[in-house]
Amino acid sequence: MTSCPQCGSTLPEPLPEQCPSCGTALAASPPPLPPAARATDEQRGPDERPGTTEQRLTDQQGPDERTGTTDEERRLTDEQRRQTADHASSTGGFTHPPDPPRAYPPEPPFTWNDRARLGFAQAFVDTSRQVLTGPTAFFRTMPVTGGLVGPLLYAVAAGWIGIAAAAFYQGIWVSIVGPTVLPFGLDRPELADMVGWMSSWIGLVAQVAFGGVSVTIGVFVAAGILHVMLMILGAAPKGFEATFRTVCFSQATGLLLLIPLFLIPFCGLVGVVWTLVLYVIGLAEVHRIGYGTALAAVLLPLALVCCCCAAFAFMMAGAIAGLVRHAV
Amino acid sequence: MSEPRAGLEPLPAVRFVAREGPPLGLIFGAIFALATAAVGLLHLDRLPFAMCYLKLTTGLPCPTCGSTRALGRLFALDFAGALRMNPVTTLGVFALVLWAAADLALLPQRRALGLELNPRLSRALRAGAVIAVVANWLYLVAAGR
(Lines give C-alpha, C1' and ligand atoms only; values in the text may rest on other atoms or scores of the structure.)
Protein backbone atom coordinates (compact mmCIF):
# COMPACT_ATOMS: atom_id res chain seq x y z
CA MET A 1 0.00 0.00 0.00
CA THR A 2 1.42 3.39 -1.06
CA SER A 3 0.64 6.75 0.48
CA CYS A 4 1.05 10.28 -0.82
CA PRO A 5 4.37 11.81 0.33
CA GLN A 6 2.69 15.24 0.58
CA CYS A 7 -0.63 14.67 2.36
CA GLY A 8 -0.22 11.07 3.51
CA SER A 9 -3.51 9.83 2.03
CA THR A 10 -3.69 6.28 0.71
CA LEU A 11 -3.22 6.03 -3.06
CA PRO A 12 -5.11 3.60 -5.27
CA GLU A 13 -3.47 0.97 -7.49
CA PRO A 14 -2.22 1.44 -10.15
CA LEU A 15 -0.52 4.62 -9.04
CA PRO A 16 -2.16 7.76 -10.55
CA GLU A 17 -0.10 10.66 -11.94
CA GLN A 18 -1.49 13.03 -9.32
CA CYS A 19 -2.68 12.57 -5.77
CA PRO A 20 -6.49 12.56 -5.77
CA SER A 21 -6.53 14.46 -2.45
CA CYS A 22 -3.94 17.21 -2.81
CA GLY A 23 -3.04 17.08 -6.50
CA THR A 24 0.69 16.55 -5.97
CA ALA A 25 2.43 15.16 -9.06
CA LEU A 26 3.36 11.66 -7.97
CA ALA A 27 5.52 10.63 -10.96
CA ALA A 28 8.10 13.31 -10.19
CA SER A 29 8.06 12.69 -6.48
CA PRO A 30 10.91 10.67 -5.01
CA PRO A 31 9.88 7.62 -3.04
CA PRO A 32 9.05 8.38 0.57
CA LEU A 33 12.09 8.21 2.83
CA PRO A 34 12.39 7.23 6.44
CA PRO A 35 12.49 10.09 8.92
CA ALA A 36 16.23 9.82 9.42
CA ALA A 37 16.84 10.09 5.70
CA ARG A 38 14.34 12.92 5.27
CA ALA A 39 16.22 14.91 7.87
CA THR A 40 19.46 14.70 5.93
CA ASP A 41 21.05 18.06 5.39
CA GLU A 42 22.13 17.17 1.86
CA GLN A 43 18.50 16.74 0.78
CA ARG A 44 17.59 20.13 2.11
CA GLY A 45 18.69 23.44 0.77
CA PRO A 46 20.91 25.61 2.93
CA ASP A 47 18.00 27.86 3.72
CA GLU A 48 15.78 24.99 4.75
CA ARG A 49 18.02 23.90 7.61
CA PRO A 50 16.71 24.63 11.07
CA GLY A 51 18.39 27.27 13.17
CA THR A 52 19.51 30.82 12.62
CA THR A 53 21.89 31.96 9.90
CA GLU A 54 24.63 32.42 12.51
CA GLN A 55 24.22 28.87 13.73
CA ARG A 56 24.32 27.54 10.19
CA LEU A 57 27.53 29.46 9.54
CA THR A 58 29.03 27.99 12.67
CA ASP A 59 28.01 24.52 11.52
CA GLN A 60 29.64 25.02 8.20
CA GLN A 61 32.88 26.52 9.47
CA GLY A 62 34.26 24.35 12.23
CA PRO A 63 33.70 22.45 15.44
CA ASP A 64 30.35 22.98 17.06
CA GLU A 65 30.98 24.64 20.37
CA ARG A 66 27.52 23.72 21.66
CA THR A 67 27.82 20.00 21.16
CA GLY A 68 31.57 19.63 20.79
CA THR A 69 31.02 17.96 17.39
CA THR A 70 34.01 18.31 15.10
CA ASP A 71 33.91 18.48 11.30
CA GLU A 72 35.21 14.93 11.10
CA GLU A 73 32.48 13.57 13.39
CA ARG A 74 29.80 15.48 11.52
CA ARG A 75 31.13 14.21 8.18
CA LEU A 76 30.88 10.65 9.49
CA THR A 77 27.35 11.24 10.74
CA ASP A 78 26.35 12.68 7.38
CA GLU A 79 27.94 9.71 5.63
CA GLN A 80 25.86 7.35 7.77
CA ARG A 81 22.73 9.30 6.97
CA ARG A 82 23.54 9.20 3.26
CA GLN A 83 23.97 5.44 3.39
CA THR A 84 20.63 5.12 5.17
CA ALA A 85 18.98 7.27 2.50
CA ASP A 86 20.57 5.26 -0.32
CA HIS A 87 19.39 2.04 1.24
CA ALA A 88 15.89 3.43 1.69
CA SER A 89 15.80 4.61 -1.94
CA SER A 90 16.90 1.25 -3.28
CA THR A 91 14.19 -0.54 -1.35
CA GLY A 92 11.40 1.81 -2.39
CA GLY A 93 11.42 3.64 0.90
CA PHE A 94 11.11 0.57 3.04
CA THR A 95 13.89 -0.40 5.38
CA HIS A 96 14.31 -3.69 7.10
CA PRO A 97 12.73 -3.47 10.51
CA PRO A 98 15.19 -3.89 13.35
CA ASP A 99 15.59 -7.41 14.60
CA PRO A 100 13.63 -8.05 17.77
CA PRO A 101 15.80 -8.66 20.83
CA ARG A 102 16.71 -12.32 21.08
CA ALA A 103 15.38 -14.15 24.08
CA TYR A 104 18.40 -16.06 25.38
CA PRO A 105 17.68 -18.52 28.15
CA PRO A 106 18.87 -17.14 31.48
CA GLU A 107 22.37 -18.29 32.37
CA PRO A 108 22.32 -20.71 35.31
CA PRO A 109 24.07 -19.35 38.41
CA PHE A 110 27.50 -20.64 39.33
CA THR A 111 26.75 -23.78 41.28
CA TRP A 112 28.99 -23.10 44.28
CA ASN A 113 27.56 -19.58 44.65
CA ASP A 114 24.08 -21.09 44.67
CA ARG A 115 24.76 -23.33 47.67
CA ALA A 116 22.28 -21.47 49.87
CA ARG A 117 19.47 -22.70 47.62
CA LEU A 118 20.91 -26.08 46.63
CA GLY A 119 22.27 -26.97 50.04
CA PHE A 120 25.94 -27.34 50.91
CA ALA A 121 26.24 -31.04 50.15
CA GLN A 122 24.46 -30.87 46.79
CA ALA A 123 26.44 -27.80 45.70
CA PHE A 124 29.67 -29.48 46.78
CA VAL A 125 28.93 -32.66 44.84
CA ASP A 126 27.79 -30.78 41.73
CA THR A 127 30.78 -28.44 41.78
CA SER A 128 33.22 -31.32 42.25
CA ARG A 129 31.64 -33.20 39.36
CA GLN A 130 31.86 -30.14 37.12
CA VAL A 131 35.51 -29.51 38.01
CA LEU A 132 36.59 -33.10 37.55
CA THR A 133 34.62 -33.92 34.40
CA GLY A 134 34.44 -30.60 32.54
CA PRO A 135 37.15 -28.29 33.83
CA THR A 136 37.31 -26.12 30.70
CA ALA A 137 33.63 -25.21 30.82
CA PHE A 138 33.75 -24.86 34.60
CA PHE A 139 36.66 -22.43 34.71
CA ARG A 140 35.36 -20.52 31.68
CA THR A 141 32.11 -19.74 33.48
CA MET A 142 33.60 -19.31 36.94
CA PRO A 143 33.29 -15.74 38.25
CA VAL A 144 36.69 -14.27 39.04
CA THR A 145 35.48 -11.86 41.71
CA GLY A 146 33.23 -12.12 44.74
CA GLY A 147 35.60 -12.72 47.61
CA LEU A 148 38.00 -15.40 48.80
CA VAL A 149 35.84 -17.02 51.46
CA GLY A 150 33.51 -19.04 49.21
CA PRO A 151 36.25 -20.72 47.15
CA LEU A 152 38.34 -21.23 50.29
CA LEU A 153 35.41 -23.01 51.92
CA TYR A 154 35.24 -25.40 48.97
CA ALA A 155 39.01 -25.99 49.06
CA VAL A 156 39.01 -26.71 52.78
CA ALA A 157 36.07 -29.10 52.46
CA ALA A 158 37.56 -31.03 49.53
CA GLY A 159 41.09 -30.99 50.91
CA TRP A 160 40.04 -32.01 54.39
CA ILE A 161 37.97 -34.93 53.10
CA GLY A 162 40.99 -36.08 51.11
CA ILE A 163 43.36 -35.76 54.05
CA ALA A 164 41.02 -37.61 56.38
CA ALA A 165 40.49 -40.44 53.90
CA ALA A 166 44.19 -40.74 53.14
CA ALA A 167 45.05 -40.77 56.84
CA PHE A 168 42.48 -43.49 57.51
CA TYR A 169 43.70 -45.71 54.68
CA GLN A 170 47.32 -45.08 55.64
CA GLY A 171 46.61 -46.19 59.20
CA ILE A 172 45.09 -49.42 57.93
CA TRP A 173 48.00 -49.99 55.54
CA VAL A 174 50.68 -49.39 58.17
CA SER A 175 48.94 -51.61 60.70
CA ILE A 176 48.93 -54.44 58.16
CA VAL A 177 52.17 -54.01 56.21
CA GLY A 178 54.41 -51.82 58.38
CA PRO A 179 56.01 -48.37 57.98
CA THR A 180 56.28 -46.79 54.57
CA VAL A 181 59.63 -47.03 52.81
CA LEU A 182 61.12 -43.59 52.24
CA PRO A 183 62.39 -42.65 48.79
CA PHE A 184 66.02 -42.33 47.83
CA GLY A 185 67.89 -39.63 49.70
CA LEU A 186 65.36 -39.43 52.51
CA ASP A 187 65.94 -42.87 54.02
CA ARG A 188 67.34 -41.50 57.26
CA PRO A 189 66.42 -42.76 60.71
CA GLU A 190 65.08 -39.35 61.82
CA LEU A 191 62.71 -39.22 58.90
CA ALA A 192 61.74 -42.83 59.31
CA ASP A 193 60.75 -42.02 62.90
CA MET A 194 58.76 -39.02 61.67
CA VAL A 195 56.92 -40.99 58.99
CA GLY A 196 56.26 -43.76 61.51
CA TRP A 197 54.71 -41.25 63.91
CA MET A 198 52.63 -39.62 61.18
CA SER A 199 51.36 -43.04 60.19
CA SER A 200 50.40 -43.93 63.74
CA TRP A 201 46.85 -43.37 64.92
CA ILE A 202 47.86 -40.32 67.00
CA GLY A 203 49.55 -38.83 63.97
CA LEU A 204 46.51 -39.52 61.85
CA VAL A 205 44.25 -37.76 64.34
CA ALA A 206 46.66 -34.80 64.31
CA GLN A 207 46.61 -34.73 60.50
CA VAL A 208 42.83 -34.68 60.47
CA ALA A 209 42.61 -32.08 63.23
CA PHE A 210 45.00 -29.68 61.52
CA GLY A 211 43.96 -30.63 57.99
CA GLY A 212 41.82 -27.52 57.48
CA VAL A 213 44.61 -25.20 58.57
CA SER A 214 47.17 -26.92 56.35
CA VAL A 215 44.82 -26.77 53.33
CA THR A 216 44.18 -23.07 53.96
CA ILE A 217 47.88 -22.27 54.16
CA GLY A 218 48.57 -24.55 51.20
CA VAL A 219 46.11 -22.89 48.82
CA PHE A 220 47.33 -19.40 49.72
CA VAL A 221 50.97 -20.40 49.22
CA ALA A 222 50.24 -22.24 45.97
CA ALA A 223 48.15 -19.35 44.63
CA GLY A 224 50.84 -16.87 45.66
CA ILE A 225 53.61 -18.81 43.91
CA LEU A 226 51.53 -19.35 40.76
CA HIS A 227 50.47 -15.72 40.64
CA VAL A 228 54.04 -14.47 40.99
CA MET A 229 55.03 -16.76 38.11
CA LEU A 230 52.12 -15.42 36.03
CA MET A 231 53.16 -11.86 36.80
CA ILE A 232 56.74 -12.57 35.76
CA LEU A 233 55.38 -14.01 32.51
CA GLY A 234 53.14 -10.95 32.12
CA ALA A 235 50.02 -13.11 32.09
CA ALA A 236 47.95 -12.20 35.14
CA PRO A 237 45.41 -9.68 33.85
CA LYS A 238 42.57 -10.79 36.15
CA GLY A 239 44.37 -10.35 39.43
CA PHE A 240 45.20 -12.60 42.37
CA GLU A 241 41.63 -13.57 43.13
CA ALA A 242 41.26 -15.32 39.78
CA THR A 243 44.40 -17.38 40.47
CA PHE A 244 43.28 -18.10 44.02
CA ARG A 245 39.87 -19.33 42.87
CA THR A 246 41.49 -21.61 40.32
CA VAL A 247 43.71 -23.16 42.97
CA CYS A 248 40.80 -23.55 45.40
CA PHE A 249 38.47 -25.34 42.99
CA SER A 250 41.35 -27.50 41.74
CA GLN A 251 41.36 -29.02 45.24
CA ALA A 252 38.53 -31.18 43.93
CA THR A 253 41.23 -33.71 43.11
CA GLY A 254 41.61 -34.23 46.86
CA LEU A 255 38.44 -36.32 46.60
CA LEU A 256 40.45 -38.87 44.63
CA LEU A 257 42.03 -39.80 47.95
CA LEU A 258 38.70 -41.36 48.88
CA ILE A 259 39.86 -44.19 46.65
CA PRO A 260 42.11 -46.49 48.69
CA LEU A 261 45.53 -45.78 47.23
CA PHE A 262 46.90 -49.23 48.09
CA LEU A 263 44.19 -50.82 45.95
CA ILE A 264 44.94 -48.78 42.82
CA PRO A 265 48.63 -48.33 42.04
CA PHE A 266 49.78 -44.82 41.08
CA CYS A 267 46.43 -43.31 42.06
CA GLY A 268 48.26 -40.70 44.12
CA LEU A 269 50.45 -39.79 41.16
CA VAL A 270 47.36 -39.51 38.96
CA GLY A 271 45.87 -37.11 41.50
CA VAL A 272 48.98 -34.91 41.48
CA VAL A 273 49.12 -34.80 37.68
CA TRP A 274 45.38 -34.15 37.50
CA THR A 275 45.78 -31.21 39.88
CA LEU A 276 48.50 -29.73 37.70
CA VAL A 277 46.31 -30.20 34.62
CA LEU A 278 43.46 -28.40 36.38
CA TYR A 279 45.83 -25.57 37.27
CA VAL A 280 46.86 -25.21 33.63
CA ILE A 281 43.29 -25.31 32.30
CA GLY A 282 42.00 -23.03 35.04
CA LEU A 283 44.72 -20.39 34.72
CA ALA A 284 44.40 -20.37 30.93
CA GLU A 285 40.63 -19.95 31.09
CA VAL A 286 40.31 -17.42 33.90
CA HIS A 287 43.18 -15.19 32.79
CA ARG A 288 42.41 -15.71 29.07
CA ILE A 289 46.02 -16.67 28.35
CA GLY A 290 47.52 -19.39 26.19
CA TYR A 291 47.87 -22.93 27.48
CA GLY A 292 51.64 -22.75 26.92
CA THR A 293 51.96 -19.75 29.19
CA ALA A 294 49.78 -21.38 31.83
CA LEU A 295 51.86 -24.56 31.61
CA ALA A 296 55.04 -22.56 32.07
CA ALA A 297 53.57 -20.80 35.11
CA VAL A 298 52.68 -24.17 36.66
CA LEU A 299 55.90 -26.02 35.85
CA LEU A 300 58.40 -23.27 36.68
CA PRO A 301 57.70 -23.36 40.44
CA LEU A 302 58.06 -27.13 40.42
CA ALA A 303 61.54 -26.71 39.01
CA LEU A 304 62.47 -23.74 41.16
CA VAL A 305 60.89 -23.87 44.57
CA CYS A 306 58.49 -26.72 45.12
CA CYS A 307 61.10 -29.18 46.17
CA CYS A 308 62.03 -26.84 48.99
CA CYS A 309 58.39 -26.19 49.87
CA ALA A 310 57.81 -29.91 50.11
CA ALA A 311 60.95 -30.24 52.17
CA PHE A 312 59.80 -27.46 54.48
CA ALA A 313 56.43 -29.13 55.00
CA PHE A 314 58.17 -32.43 55.69
CA MET A 315 60.51 -30.82 58.19
CA MET A 316 57.69 -29.06 60.01
CA ALA A 317 55.75 -32.28 60.30
CA GLY A 318 58.86 -34.07 61.54
CA ALA A 319 59.63 -31.42 64.13
CA ILE A 320 56.05 -31.39 65.38
CA ALA A 321 56.18 -35.16 65.54
CA GLY A 322 59.35 -34.95 67.59
CA LEU A 323 57.82 -32.45 69.98
CA VAL A 324 54.68 -34.47 70.49
CA ARG A 325 56.65 -37.64 71.06
CA HIS A 326 58.80 -35.96 73.69
CA ALA A 327 55.71 -34.54 75.35
CA VAL A 328 54.04 -37.94 75.40
CA MET B 1 59.01 15.23 21.99
CA SER B 2 55.34 16.02 21.75
CA GLU B 3 53.62 18.05 24.42
CA PRO B 4 51.14 16.14 26.57
CA ARG B 5 47.55 16.92 25.67
CA ALA B 6 45.81 19.41 27.87
CA GLY B 7 43.89 17.73 30.67
CA LEU B 8 45.84 14.47 30.41
CA GLU B 9 48.44 14.04 33.17
CA PRO B 10 51.32 11.70 32.35
CA LEU B 11 50.98 8.40 34.20
CA PRO B 12 53.20 8.12 37.29
CA ALA B 13 55.65 5.24 37.24
CA VAL B 14 54.41 3.86 40.56
CA ARG B 15 51.22 4.62 42.40
CA PHE B 16 50.15 3.22 45.75
CA VAL B 17 46.40 3.06 46.22
CA ALA B 18 44.05 1.96 48.95
CA ARG B 19 41.95 -0.59 47.12
CA GLU B 20 38.97 -2.67 48.06
CA GLY B 21 39.51 -6.38 48.46
CA PRO B 22 41.18 -8.86 50.76
CA PRO B 23 44.34 -7.77 52.63
CA LEU B 24 46.67 -10.13 50.83
CA GLY B 25 49.79 -8.61 52.38
CA LEU B 26 48.43 -9.30 55.82
CA ILE B 27 47.46 -12.87 54.93
CA PHE B 28 50.83 -13.72 53.40
CA GLY B 29 52.59 -11.88 56.19
CA ALA B 30 50.77 -14.00 58.74
CA ILE B 31 51.72 -17.19 56.88
CA PHE B 32 55.37 -16.16 56.74
CA ALA B 33 55.32 -15.13 60.39
CA LEU B 34 53.96 -18.57 61.24
CA ALA B 35 56.64 -20.23 59.13
CA THR B 36 59.39 -18.10 60.68
CA ALA B 37 58.17 -18.89 64.16
CA ALA B 38 58.02 -22.61 63.34
CA VAL B 39 61.57 -22.57 61.99
CA GLY B 40 62.87 -20.63 64.97
CA LEU B 41 61.04 -22.53 67.69
CA LEU B 42 61.44 -26.01 66.24
CA HIS B 43 65.01 -25.39 65.01
CA LEU B 44 64.15 -26.59 61.54
CA ASP B 45 67.17 -24.73 60.18
CA ARG B 46 69.61 -26.93 62.07
CA LEU B 47 68.75 -30.31 60.64
CA PRO B 48 71.89 -32.28 59.88
CA PHE B 49 70.84 -33.15 56.34
CA ALA B 50 69.44 -31.51 53.21
CA MET B 51 65.95 -32.23 51.90
CA CYS B 52 66.24 -30.52 48.53
CA TYR B 53 65.92 -33.03 45.71
CA LEU B 54 68.06 -30.91 43.39
CA LYS B 55 70.83 -30.77 45.99
CA LEU B 56 70.53 -34.47 46.74
CA THR B 57 70.69 -35.53 43.12
CA THR B 58 73.07 -32.99 41.56
CA GLY B 59 74.91 -31.45 44.48
CA LEU B 60 73.81 -27.99 43.31
CA PRO B 61 71.46 -25.84 45.39
CA CYS B 62 68.07 -24.83 44.01
CA PRO B 63 67.20 -21.10 43.86
CA THR B 64 65.40 -21.31 47.21
CA CYS B 65 68.01 -23.32 49.09
CA GLY B 66 68.97 -21.51 52.26
CA SER B 67 65.50 -20.03 52.73
CA THR B 68 64.76 -22.05 55.84
CA ARG B 69 68.09 -21.02 57.35
CA ALA B 70 67.36 -17.40 56.36
CA LEU B 71 64.05 -17.58 58.24
CA GLY B 72 65.90 -19.01 61.24
CA ARG B 73 68.32 -16.08 61.17
CA LEU B 74 65.42 -13.63 60.85
CA PHE B 75 63.76 -15.21 63.87
CA ALA B 76 66.98 -14.50 65.78
CA LEU B 77 66.98 -10.94 64.32
CA ASP B 78 70.28 -11.65 62.55
CA PHE B 79 69.49 -9.73 59.36
CA ALA B 80 73.01 -9.87 57.91
CA GLY B 81 73.09 -13.61 58.44
CA ALA B 82 69.72 -13.97 56.75
CA LEU B 83 70.92 -12.00 53.74
CA ARG B 84 73.98 -14.24 53.49
CA MET B 85 71.85 -17.38 53.55
CA ASN B 86 69.48 -16.35 50.73
CA PRO B 87 69.40 -12.69 49.65
CA VAL B 88 66.26 -12.85 47.50
CA THR B 89 64.22 -14.66 50.15
CA THR B 90 65.33 -12.18 52.82
CA LEU B 91 64.55 -9.13 50.68
CA GLY B 92 61.21 -10.71 49.81
CA VAL B 93 60.41 -11.11 53.51
CA PHE B 94 61.34 -7.47 54.15
CA ALA B 95 59.01 -6.36 51.36
CA LEU B 96 56.29 -8.61 52.74
CA VAL B 97 56.65 -7.09 56.21
CA LEU B 98 56.15 -3.58 54.76
CA TRP B 99 53.16 -4.77 52.70
CA ALA B 100 51.59 -6.44 55.74
CA ALA B 101 52.14 -3.30 57.86
CA ALA B 102 50.43 -1.14 55.23
CA ASP B 103 47.50 -3.57 55.04
CA LEU B 104 47.27 -3.57 58.81
CA ALA B 105 47.11 0.24 58.84
CA LEU B 106 44.38 0.23 56.18
CA LEU B 107 42.40 -2.56 57.81
CA PRO B 108 40.08 -0.29 59.89
CA GLN B 109 38.97 1.37 56.63
CA ARG B 110 38.28 -2.08 55.11
CA ARG B 111 40.84 -1.39 52.44
CA ALA B 112 44.16 -2.89 51.39
CA LEU B 113 47.32 -1.67 49.73
CA GLY B 114 47.32 -1.76 45.94
CA LEU B 115 50.20 -1.04 43.61
CA GLU B 116 49.79 0.36 40.12
CA LEU B 117 52.74 0.40 37.76
CA ASN B 118 52.98 1.88 34.33
CA PRO B 119 53.63 -0.71 31.60
CA ARG B 120 57.26 0.22 31.06
CA LEU B 121 58.16 -0.13 34.73
CA SER B 122 56.11 -3.33 34.92
CA ARG B 123 58.19 -4.87 32.12
CA ALA B 124 61.39 -3.67 33.75
CA LEU B 125 60.37 -5.20 37.08
CA ARG B 126 59.59 -8.54 35.46
CA ALA B 127 62.99 -8.61 33.79
CA GLY B 128 64.58 -7.51 37.07
CA ALA B 129 62.89 -10.36 38.94
CA VAL B 130 64.28 -12.94 36.53
CA ILE B 131 67.75 -11.43 36.75
CA ALA B 132 67.55 -11.35 40.56
CA VAL B 133 66.57 -15.04 40.76
CA VAL B 134 69.39 -16.06 38.41
CA ALA B 135 71.94 -13.88 40.23
CA ASN B 136 70.74 -15.24 43.57
CA TRP B 137 71.14 -18.81 42.34
CA LEU B 138 74.68 -18.12 41.09
CA TYR B 139 75.49 -16.65 44.51
CA LEU B 140 74.08 -19.73 46.25
CA VAL B 141 76.17 -21.99 44.03
CA ALA B 142 79.28 -19.94 44.71
CA ALA B 143 78.61 -19.81 48.46
CA GLY B 144 78.03 -23.56 48.59
CA ARG B 145 74.56 -23.43 50.08
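## Terms and numbering

Two residues are said to be in contact if their C-beta atoms, placed from the backbone, lie within 7 Å. This is a predicted model, in which local features need pLDDT of at least 70 and side-chain atom pairs count only at pLDDT 80 or more, while totals for chains, interfaces and linings use all residues. Residues are numbered from 1 along each chain as its sequence is written, and chains are lettered from A and ligands numbered from 1 in the order in which they are written.

## Chain A as a whole

Of the contacts in chain A with a separation of 6 or more, 64% join residues 24 or more positions apart. Chain A holds 14 helices and zero strands, where helices (H or I, at least four residues) and strands (E, at least two) are DSSP runs, numbered from the N terminus.

Among the 328 residues of chain A, 27% are buried; a residue is buried if 20 or more other C-beta atoms lie within 10 Å of its own, exposed if 12 or fewer, and partly exposed in between, with C-beta atoms placed from the backbone.

## T136(A)

T136(A) belongs to helix 6 (residues 135-141) of chain A, and it counts as exposed because it has 11 C-beta neighbours inside 10 Å. Once its neighbours within four places in sequence are left aside, T136(A) is in contact with I281(A) and E285(A). The C-alpha atoms of T136(A) and A284(A) are separated by 9.1 Å, although these residues stand 148 residues apart along the chain.

## Helices of chain B

The axes of helix 1 (residues 24-42) and helix 3 (residues 67-75) of chain B come within 8 Å and cross at roughly 85 degrees, the axes being lines fitted to C-alpha atoms, for helices over the stretch in contact, with angles running from 0 to 180 degrees between N-to-C directions. The contact involves A35(B), T36(B), A37(B), V39(B) and G40(B) from helix 1 of chain B, together with T68(B), L71(B), G72(B), L74(B) and F75(B) from helix 3 of chain B.

Helix 6 (residues 119-143) of chain B has 25 residues and should span 36 Å at 1.5 Å a residue, which agrees with the 36 Å between its end C-alpha atoms; the expected span is 1.5 Å times one less than the number of residues. Just after helix 6 of chain B, G144(B) takes a positive phi of about 70 degrees.

## Confidence

The model scores ipTM 0.83 and pTM 0.68. Chain B averages a pLDDT of 86, and 91% of the residues score at least 70, pLDDT being the predictor's confidence in each residue, from 0 to 100.
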